[in-house]
Amino acid sequence: MSSAETTSAATNSAIVTDYKARTGRSGALFERARKVLPSGITHDARYLDPYSIHVAKATGPRKWDVDGNEYVDYFGGHGAMLLGHSHPAVVEAVKKQIELGTHYGSSHELEVRWAELVCELTPCAERVRFTASGTEASHMAIRLARAHTGRDKIVRFIGHFHGWHDNVSAGAGATYDGGTTPGVPQSVSDLSIIMPSDDVAAVVKLIETRDDIAAVMFEPSGASWGQVPLPPGFVQAVRDATAKKGVVMLMDEVITGYRWSSGGAQKAMGVTPDLCIQAKIVAGGLPGGAVAGRRDILDRIDYAATAAKKIEKIAHPGTYNANPLSAAAAVTALTLLRDEDLAEKANRTAAELRKALTEVLVQEGVPWGIYGQSSTFLIYPNPYGDPIDPATFDPLKVPFAKLKGARGAGPLTGKIRMGLMTHGVDVMGAPGGFVSATHGGAEIEKTVHALRQTVRALKAEREVKAA
């Protein structure tokens, strides 16, 4: 069945019709794409029925699609673009480096400076090893934790995303119960202990009573960069329990690193893990990831340290580890983050945005919720029709299944996204997104207008009933 056929039921929607009318060239590109790309996309988060936009350029907080439509962008390179798109200093650094060489196959000064900045900014970072992506960093961190402890089990949490490799697939997506996923042997999934995150006492008891746990791995924001927030005290309680049992506390800072603060969530929360993984912002918006943490753990990939202890070294190759282009962007971006406090600027703007969007819901009588942490925002569209007052909405009072389930609740989320895009705002599928240090009052104003018009259109289509 073609994508066009799957959307036949939605073609009487004015929202979908308007979206398609504005994005004809994106639609044509999609028809080309789906002949050669599964679903016509290259990242699951870019999926939209009937099709997603194709972007031609981006600058600061804005981007333009191939039809010439301008958008306030909250995709933010999947969270990588805290400095905004095409930051002049980053562009200049990459231009300079590309003329000097893109891949030496040798060590270079920029990788040293990059590592120095990571260690300076990240509280847990005594040593760092670079990778080409967050998924690679996740894979390496788990291997390091197992080698360091001599144990096999990894405690993870329902809905927390740590990349797409086999070790972290169970419990992260459709199989929230911890069951295995297609292509992943059950024996691999069984190495994870999947826990809910709303009962920290149960987590502490698990850590205290078992002796086979290598690491406890989690997103400090809560599942999916905060779509399901962690209860107060969770992170500190896990830190205390893991420290007592010699279990590696592995904090996934792929999203939160350098966004929650210049030193990530661990600095903002005042809780230092044993290991953390980073990606996205750490590479200045170019491809790159990192594993950072205690020296004695990272020493498992050190030639001299493993030889001195007469233990086998963990091999870690990787063609694009700390490649010069990513290093050039990273050094420039992290220096700016350190010196100009850009994380805090984005945090302030996001707080203003969340407040303004909440006011729209209150004024329009829409029983949804706006929430988020740091420089993020999320829209809870309440597909279950629960009684909600947007002025007092608290995501901690909404069950996990509803918060996560809202993302896939029929065509509503897609219509929200298309409605917003018709009015010049692009958000992720949560729905929600990332605020950069370049977003400001003009972007907030446009987003407020877009949400207001979208909820009014949804009321007209009986997708939303006023409270």
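This is a predicted model: local features need pLDDT of at least 70, side-chain atom pairs count only at pLDDT 80 or more; totals for chains, interfaces and linings use all residues.
**Note on backbone exceptions, strand pairing and aromatic contacts**

1. Pro 50 lies in the loop between α3 (24-33) and β1 (55-59); helices (H or I, at least four residues) and strands (E, at least two) are DSSP runs, numbered from the N terminus. The peptide bond that leads from Asp 49 into Pro 50 is cis, with omega near 20 degrees. Pro 431 is placed in the loop between β13 (425-426) and β14.

2. Residues are numbered from 1 along each chain as its sequence is written, and side-chain values use heavy atoms, with hydrogens and water left out.

3. Most residues other than glycine have a negative phi, and most peptide bonds are trans. Ser 39 has a phi of about 60 degrees and is found in the loop between α3 and β1. With a relative accessible area of 48%, Ser 39 is partly exposed (buried means under 20% relative accessible area, exposed over 50%, partly exposed in between, with a 1.4 Å probe and protein chains only). Lys 310, also not a glycine, has a positive phi of about 55 degrees. Lys 310 belongs to the loop between α14 (303-309) and α15 (324-340), and its relative accessibility of 77% makes it exposed.

4. Just after α16, Gly 365 adopts a positive phi of about 65 degrees.

5. An open sheet of three strands has the order β11-β12-β14, with antiparallel pairing; two strands pair if DSSP finds at least two bridges between them. Strands β11 and β14 (432-434) are at the edges with a single partner strand each, so one side of each has no neighbour in the sheet. Neighbouring strands here are turned by 10 degrees against each other on average, direction ignored. Between β12 and β14 there are three bridges, and Thr 376 stands opposite Phe 434 in β14. Helix α16 packs on this sheet and touches β11 and β12, its direction making about 175 degrees with that of β11. Contact means heavy atoms within 4.5 Å; axes are lines fitted to C-alpha atoms, for helices over the stretch in contact, and angles run from 0 to 180 degrees between N-to-C directions.

6. Strand β10 (residues 289-293) is mostly covered, with five of its five residues buried. Gly 289, Val 291 and Gly 293 are on one side, and Ala 290 and Ala 292 on the other. Strand β4 (residues 127-131) pairs with β10 in the antiparallel sense over five bridges, and strand β9 (residues 275-279) likewise pairs with β10, antiparallel over five bridges. Val 291 in β10 stands opposite Arg 129 and is also the bridge partner of Ile 277.

7. The whole structure contains nine aromatic pairs (rings of Phe, Tyr and Trp, its six-membered ring, pair if their centres lie within 6.5 Å; planes under 30 degrees apart count as stacked, over 60 as edge-to-face and the rest as tilted). The ring centres of Tyr 371 and Phe 393 are 5.7 Å apart and the planes stand at 55 degrees, so this pair is tilted. Tyr 371 is in strand β11 (residues 369-371) and Phe 393 in the loop between β12 (376-380) and α17 (400-405), 22 residues apart. Tyr 371 is buried at 7% relative accessible area, and Phe 393 is buried at 15%. Phe 393 also forms a stacked pair with Tyr 380, at 5.6 Å centre to centre and 15 degrees between the planes. Tyr 380 lies in strand β12, so this pair ties together parts 13 residues apart in sequence. Tyr 380 is buried as well.

8. Elsewhere, Tyr 19, Phe 30 and Tyr 51 make up one aromatic cluster. Lys 57 lies over the face of Trp 64, 5.0 Å from the ring centre. The charged end of Lys 313 is placed over the ring of Tyr 303, 4.6 Å from its centre.

Methods:
A charge sits over a ring if NZ of Lys or CZ of Arg is within 6 Å of the ring centre and within 35 degrees of the ring normal.
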